[in-house]
Each structure stands twice: as structure tokens, then as C-alpha cells.
Amino acid sequence: MGKNKKENRRNFLSMLGTAALGGAILSPVLSKAANTALSSNVTEIKNFEGRIEDFLGGDYTNIKLRMQDDVRRAMKKPAKERKWAMAIDLRKCVGCNACTVACISENALPPGIVYRPVIKDEIGTYPNVSKRNTPKPCMHCENPPCTDVCPVGATFKREDGIVVVDYEACIGCRYCMTACPYEHRMFDFGEHYSDGLPAVAAYDERPSFEYEKEWTRENKHDSPIGNVRKCTFCAHRLEEGLLPECVTTCIGGANYFGDLNDPDSVIAKVVSKLNVSVLKEEFGTEPKVFYIT
Amino acid sequence: MKKIFYILWAVAFILGIIGVGMRLMYGHEPAAYGSRVVWGLWVAMYIYFIGLSAGAFLLSSLVYVFNIKIFEKVGKLALITALVTLICALLSIWFDLGHMWRAYEVITRPNLPSSMMAWMIWLYSAYFILLIFETLYAFRIDSGKYSGEELNRLKKRLKILASIGIPLAIAFHGGVGALFGVVSANPMWHSALTPIFFLVGAVASGSALFTAIFAFFWKNKDSEYFNQMIQILAKIVLVSVLFDLLLEWAELSIALWMGTPAHTAGYRAMLFGDYWYVFWIFHLLLGVIIPVWLLATKGKKPIAIGWASLLVALTFLGVRLNIVIPGLINPRVPGEALAYIHPRLSFHYFPSLMEWLVALFIFALGIGLFFIGNKIFKLTEDTENKAL
């Protein structure tokens, strides 16, 4: 049995490798093939692809559009009745970093700031190696250790559970960065991608629209430069009834997002029915980013 | 000799001003710390100077609270040392802020009672105000302008201020330690011993700085007073350095002894990492072994005491660096270091040119202020003290 399992995994990995090589156009075909192979051989990997529909119920054709409806429904409620959460299906994440890049683009992040890095672990030694990709946005903890330490109360948890930074109040002491067990927060040093080139490139001057304001980068001493920055679950997009950019962009549909307080939402069903875990559970921070494993 | 010193000081000060100019013009861009090693040389300097200040202040309380006669003549010297080092500390941390001009917010919108940093700021602000008043009273009493009833009233006030000062100095410097101690996400800092370690370190470094100043700058070195005083100071330095070493052993041995990697990583980096020499050479050899040897065996010679104390006082910056940096150079989430590559997300830190220059400015400013203060108030001369 053990040997069989190993071989199946190897087959599966090589198939994934082929799929990756095959490129984006071919991938649906290949993944279908992989799916068939899996359903017959590797029964312990549940819901590998497309199986979420089995328990979601309701009428829909596109899960992202359905989650967008969830967001719009939630936005009609008072803020304190919403509880935003995210679930990331690590079985689906291929480690392409599309979310990382889309987030940087959406929030016009400068060099050295990344709200959604993807940690890539290699487990085992060659030739028995497997990879694990773990996207790591802000966990938007229920009990955030980062907010209590702020000397001026510039960072706090909103009523809807999103942990934010008031850019106009943050003094840039960086104490919160030391307090975050997930090492999420980053400091804006005022750098440009085009530093060292004859002129500042236009893309470097693009403003960020975080917190529904326009933040320019013209002056090295103005916010958000000199501030601590972090993922906001794209609060400015939610306000417009849009999903966070990382969820929208994910090529594998590995992200689920919505209002945990809404039992009909995709996220509530995913978190309650699938095998989810959180990072560093022992800290008691109660992250609202769940991982499906 | 004096000329060389003046030239060196001027060069340091000018270079320092260039550093400050860089900081004001370019913000944090020329700094080497990043989003992983979030605090660097300036934060270490802040806790270093603020420790010196608390230590020197506690020495001054020997005169103004406990009426220990022999310290009368150096009470004001201790107060001025505390004041100058406090100014250096506040400058260090001010340059470190992302938004320097928002520093007032810590007073106008403090996040109390939850933020230990807010507590610390309020406590050292109170200490700063108290220190200024205490110094003013000490100088007034010695000015010779007051007598009789009026003089007694001043003395009483000074004693009350100084008495409040003791718990305040302990609380605010303990608060600096607690600022690190309460960070439960950081196993290296998160220890009940951290605030105590800060306090003992403050007494060791502060008394060492004071002893060095006394040994090298006291005018009348042939007097009986000088000889008596330096022997007492030498004992204070020796005992506090050894006690600090004991606490260090407690902290290190408990954390390292068969500890889990998350708990030992910081200390391993401190002992065997890239900057092993800060611990083994600067701290242990130059800051403990040589000074203890000088103080314990050559303790009769004032010059040996002076050098030993100077070594302790200077190398204590290494102790402070070893609290800040090793606590930050290990990823808290495995794999973090390679998740996204950028210098600001690196776990390696060495201060940049701007950081060194600003550090130079702060040291030069502190030395300059002390010299001016000493010249005006003749703190190191054997004048009659009327404080008691």
C-alpha cells in the first residue's frame, strides 16, 4: 500500500509537471486527465478540483461571481455584522505568484513591500521531493497582537474585522512589525522601482487607492512613505462590491473570500465543511485566513 | 593632546551633521534596516543612552535622597550626565521614527493602557521634566544666593523631587525593557527577566560612564576625596557588572539549554552568527573580563579604574545591539526569507553610512553638551556643595 501510494504520488507529480510545461491553454485538458487519474487511484485527496460544488448548493456558473455576490450582499449589512474571512486551498495553489503580483499592482506597492508573498517549502530530499506553496496575506486576526502595541492607536481592527493602519496617524516606530507573529507588516522606505535610472518611471508615480484615498509618492516625507503598511483585504475594493484582487486573479481558483457571518456565503461553507487550519494556532490570535489542506 | 581631541570632535560633528542632513532630506531610504530587521543601530543607541541616563540618575539619588555625604560634590555632575544622555537617547529614537514630525502624537493620542511603548514615553517624559527641575534646584541651592528658611525650602523640594525620581527612573527604564519583554511573538525578548536585565544594565553602564568621567576629568586628582570616591565608584561598577553577568547567564542558559529552535535561534545568532564578535570580543572580553580584571586586581590605581569603567561604558552599546538585532534576524515564519527577495526583506543587517553618521552626530553632540556644561558649571571641580 505504502509503495503504491508513493508511486501514485510520483505519477501525480509528474503529471502536474507536464501540466505546468504544457502552459495555460492546455492546462484545463490536462487537469481533467489528472482529475480522472486521481479519482480512481488517490482517494485520500478529497475535493482536488471542482468538488466544492458538491456541497455549495444553489445555482451558479462561476464561483468567483458567486463570491462577488456574497460580498455585495454583505456590504448591505452594517459593518459590525460582517466578518470578512479568506480561505486558501493549498492543494490548488501552484505557486505562480499571480496573487503576489496582482496585489502589488492593485495597491501600487513600492519595492520591498509585498502584502501577499508565497512561501515555498520543499519537503524531503531529491528524488523524493514535494513542494508546498503557502500564500501569506495578513491574517486579520480576531486578537491581533500588532494593534495593542501601537503607541498612538494608529493601527486597529475595524468593526468588520479588517486590521488597518491609519496612514495619517502612524508615526513609523515599527513596533507593530515586531509584534506580528506572522511577520506580515512592512515599512515604506520611499523607494522606486526606477531608482538609479535617469528619471522616475510613470509606473512608480501611480497612486495607491488604499482606504479609498489617493496616496501619491511625490514627496519622500508624506504618507504612505514612512508608514507601516499591510494587506487590507482590499477594503477599498470591497467598498465597490469587488473581491480582493488576489482572489480575483488566482488562476487556480484557490482562494475563497466572503462574510463568515453569512451562512449562505461560499466562505462560510468552505470553512465549516472542509478541513481547514490556521497558521500558528497556538498563539490564540484566531486568524481569519484559513488554509485548506 | 587637547588640540587633537578638539579636531577629532569637530570632524565627528561635521560628519554627523552630514548624516543628519541625509536623514532629513532622503528620509529612511539610505538606512540599512528593513521590514524584517525593523530596528537597527539607532534603536540600540536609544536603549543604550537611556540606560546611561537612568544609571547616572540613580547615582545622583545617593546624594539627594539618601544623603550619602561623600557623593555631595558629584551630585550635579551625575544629574548633568543623566540629562545629556537622555537628550542623546531621545534624539536617537526621534531620527528612527518614520514620521519625525508626528512625534507629538504620543502625547496627544497615546494608546494607553495597552501599549507598553506609550507607557514608556509617558514615563520618560515625566522623568525628563523631573530631571530638569531637579537640576535647576540643585544649581539654585549651590548658587549661594539663598540662605536660611528659603534654602531649607529648596532643599526639601529637591529631596521630594529626587525621591519621586527613584521609582520613576526604575519604572521608565523597566518600561524600556518591558517594551521588548511584552513582545510574545519574539521568544528572545519575551522574558520576565528582560526589564530587570535592562535595569541592572543601566546601573552598570551608567555608573561606569560616571566613574570614567570622574576618573579622567576630576580636577584635583591628588586629593584624599578623589581617592576615596574613586574606590567607592570602582566597587559599584565591579558589583553591577558582575551582577549583570549573572543575569545574562541566567537568561542565556535557560533559553539555550535544550531549548526548541524558535527559542534558541536568537541567542545562537548572537553567540555564533555573523556578529559573534560583538558578544565575545566587545562585550565579554572588553566589557567584562578586562574591566573586571582591572577593577579587581589593579583597583588601587585611579587610572586603571578609569579605563575599566570607560571600557564598560562604551562596550555596553554592544550589549544593547545584542538585544535588538539577534531578536530580529531569524524568520518567524519558516521559508519567509526566500518568499520574496528584496534587500528590505532580508534578514541581514549592518548599519549604513547614514546610520553611522547620525550615530556620530549624537555621540559628538552628547560629548559637546557635556563639555559646555562642565565648562560653565565647573562640575568636576572641588566646590563647596550646600545641598545638605
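The points below go from conventions to the chain contact and then to local geometry.

1. Conventions. This is a predicted model, in which local features need pLDDT of at least 70, side-chain atom pairs count only at pLDDT 80 or more, and totals for chains, interfaces and linings use all residues. Residues are numbered from 1 along each chain as its sequence is written, chains are lettered from A and ligands numbered from 1 in the order in which they are written, and side-chain values use heavy atoms, with hydrogens and water left out.

2. Extent of the interface. Chain A contributes 51 residues and chain B 50 residues to the contact (heavy atoms within 4.5 Å). About 3,900 Å² is buried between the two chains, 53% of it from carbon and sulfur atoms; buried area here is the accessible area (1.4 Å probe) that two parts lose on being put together, summed over both.

3. Polar pairs across the interface. The rule finds 32 residue pairs in polar contact between chain B and chain A, both residues at pLDDT 80 or more (a pair of N or O atoms within 3.5 Å; within protein, one must be able to donate a hydrogen and the other to accept it, and residues adjacent in sequence count only if both atoms are side-chain atoms). On the chain B side, the elements giving two or more residues are helix 1 (2-26), helix 4 (105-108), helix 5 (116-142), helix 6 (148-181) and helix 12 (336-339). Helices (H or I, at least four residues) and strands (E, at least two) are DSSP runs, numbered from the N terminus.

4. Salt bridges. Five salt bridges cross the interface of chain B and chain A. A:Lys136 forms a salt bridge with B:Glu336, with the closest N and O atoms 2.9 Å apart. Within chain A, A:Glu106 pairs with A:Arg237 at 3.4 Å between the closest N and O atoms. A:Glu106 lies in helix 4 (residues 98-106) of chain A and A:Arg237 in helix 7 (residues 235-238), so the pair ties together parts that are 131 residues apart in sequence.

5. Bend in helix 6 of chain B. The helix bends by about 25° at B:Ile166, and B:Pro167 follows within four residues. The bend is the angle between axes fitted to the seven residues ending there and the seven starting there.

6. Cis peptide bonds. The bond from A:Ser223 to A:Pro224 is cis, with omega near 5°; A:Pro224 sits in the loop between strand 6 (186-187) and strand 7 (228-229) of chain A. The bond from B:Leu112 to B:Pro113 is also cis, with omega near 5°, and B:Pro113 is in the loop between helix 4 and helix 5 of chain B.

7. Positive phi. A:Glu183 has phi near 50° and lies in the loop between helix 6 (175-179) and strand 6 of chain A.

Terms used. Salt bridge = Lys/Arg side-chain N within 4 Å of Asp/Glu carboxyl O.
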